[in-house]
Each structure stands twice: as structure tokens, then as C-alpha cells.
Amino acid sequence: MQKAAPDPRAVREASLDELARLGLPLPPPGFPLIWEPGDAIELRPTADIEARAAVLHVVVARCFGMPTEAAMSWLLGSRLVDLVTPPEWQFVIGAKGDHRSFVLHHDAVFALAWLLGLSRHLDPTAAPESRLMSQMPDLPAGETYGNWRSRSLMSPRDPIEAAVLLDLYYCLDWAFQEAEQTGLPLPGEVDGNAIGQRRWALEWAVIFHGPYHDKPPDWEEVDLSV
């Protein structure tokens, strides 16, 4: 359901206040806003977020030893194969690609779980909750996608709450990269890669409607360069 997006300037001011509180560098004047006054906002359908989280969960599991045949069988049985991106598929079936980059998707899963209401927080100074794995499909036990969806109490976040956090992570992504390049200390347990993964998930899941927004990007089309 679409809602009116909050005032982007007020949200940005709060994001910058949080960066200052964390002792991080602030983006330069004119750092772009994500949305404009008068835009509307919504989350992707819950089923789409669930599917993306499950696919990434399998990709991460492959990084930690899930056999190729088991991963392919689970995705086929879950009817999720069509939602696996080409790079993900190449990794699942042949371990092709940057193994480390796929490991990092654990933080993207964490952000998607937060959007679904399965994680309590998305604290940029804290690692993913230890309970995250138990909130996702139990792949070693053979839990099906349908059974996971049935047992999980999905309670999607309000899109306004998600947009506010997206703006914070947009600013954090810049600030963490700047801090790491200049040797400044980071404020917690996570690094810029984790921040970028969480931002990726939020950028994909939060949809804006307005004169300056294109159609929502596919997962591999999310632009994290700006």
C-alpha cells in the first residue's frame, strides 16, 4: 500500500545527526536526497521479499558447504529458480564468482529479515542477530520454503520506517567508505561491506513513486555507486 513519503530534508537531518553521534564523517553539502517532497512510497510485496531472502539464504549456505545438488533441489522444489539471478545461479551450480562477495550477502539477508519483521533491529554498529539463522529456512533439516513461510510470523515494516532507515544507510555507506579510506575508526562491529549489503537490500525493497523515479530495479540492477 502506497503512503506519502516523509519530508526528505527532515529525514536527512536526522540521518546526519546520527552520523555525527557515531563519530563518522559527514557527506559533503549537496549530497543527493533519495526522494523528493510529494513522492509516494511502498514496500515490494511481502512474497517478493520473502523469496529474495530465501534465495540469498541458499547462496550464503553454498558458501558454507551446502552441496550443489541440495541447493539446486531446494530451489527447484521451492519454485524459486526463476528468481535466482544469473551470477547467483553460476555460483550455486558451479561455485563461479567471487566467493567473498556472496558470503557478504548474509548482511543483505539480515536487512531483508528486518523488513519482514523477523529481526528486531538493523543497528549499523552491530552484527546480525545470532537468532537470524533460526528465523530463516532450516536447510540442513530439509525445511521447505512453504513450511518456513507458514511458521514465520511475517510482520512487514511500515514503508515510512523503512525509508527513514534507507536514508540513514545511504549516508552510512558514504561515511563508512570515507572512514575506511582515511583510516578513521569505525563505530562498531561491522565494516563498510556489511553496510553496503544492508543498503542494497533496502534500496531494492523500498519503492518510490514520483516524477523523478524510474521503475523499481531488479536485484542486480540496484545502483550503489552514488
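Mentor: One definition comes first: a residue is buried when its relative accessible area is under 20%, exposed when it is over 50%, and partly exposed in between. Keep in mind that the model is predicted.

Start with the general idea. Side chains of opposite charge can pair when their charged atoms come close. In this structure there are 12 such salt bridges. One of them joins the side chains of Glu 50 and Arg 149, with 2.7 Å from N to O. Glu 50 belongs to helix α2 (residues 46–63) and Arg 149 to helix α8 (residues 145–151), so this bridge ties together parts that lie 99 residues apart in sequence.

Another pair is made by the side chains of Glu 143 and Arg 151, where the N to O distance is 2.5 Å. Glu 143 has a relative accessible area of 13% and is therefore buried. Arg 151 has a relative accessibility of 39%, so Arg 151 is partly exposed.

The next pair lies within one helix. Arg 199 forms a salt bridge with Glu 203, and their closest N and O atoms are 2.9 Å apart. These two are about one helical turn from each other because they are four residues apart in helix α10. Arg 199 and Glu 203 are both buried. Elsewhere, salt bridges with shared partners join Arg 120, Glu 129 and Arg 131 into one network.

Helices α9 and α10 (192–205) and strand β3 (206–209) each supply at least two residues of the lining. Sorted by class, the lining has 15 nonpolar residues, eight charged residues and one polar residue.

In soluble globular proteins, nonpolar side chains tend to be buried together. Here the largest nonpolar core has 70 residues, and Trp 74 and Leu 172 are the ones that touch the most other members. Helix α9 gives the most to this core, with 12 residues. The core takes at least three residues from domain 1 (3–44 + 158–209) and at least three from domain 2 (46–152).

Gln 177 is also in α9, which covers residues 159–182. Gln 177 is partly exposed because its relative accessibility is 37%. The C-alpha atom of Gln 177 is 9.5 Å from that of Ile 195, a residue 18 positions away along the chain.

With a relative accessible area of 79%, Arg 79 is exposed. Arg 79 has a positive phi of about 60°, although it is not a glycine. For background, most residues other than glycine have a negative phi. Ala 95, in the loop between α4 and α5 (99–103), also has a positive phi, near 55°.

Definitions and conventions. Residues numbered from 1 in each chain as written. Predicted model: local features only at pLDDT ≥ 70, side-chain atom pairs only at ≥ 80, totals over all residues. Heavy atoms only, no water. Buried < 20%, exposed > 50% of the residue type's maximum accessible area, 1.4 Å probe, protein only. Nonpolar A, V, L, I, M, F, W, Y, C, P; charged D, E, K, R; others polar. Salt bridge = Lys/Arg side-chain N within 4 Å of Asp/Glu carboxyl O. Core = buried A, V, L, I, M, F, W, Y, C linked by side-chain atoms within 4.5 Å. Domains from an automatic or database assignment.
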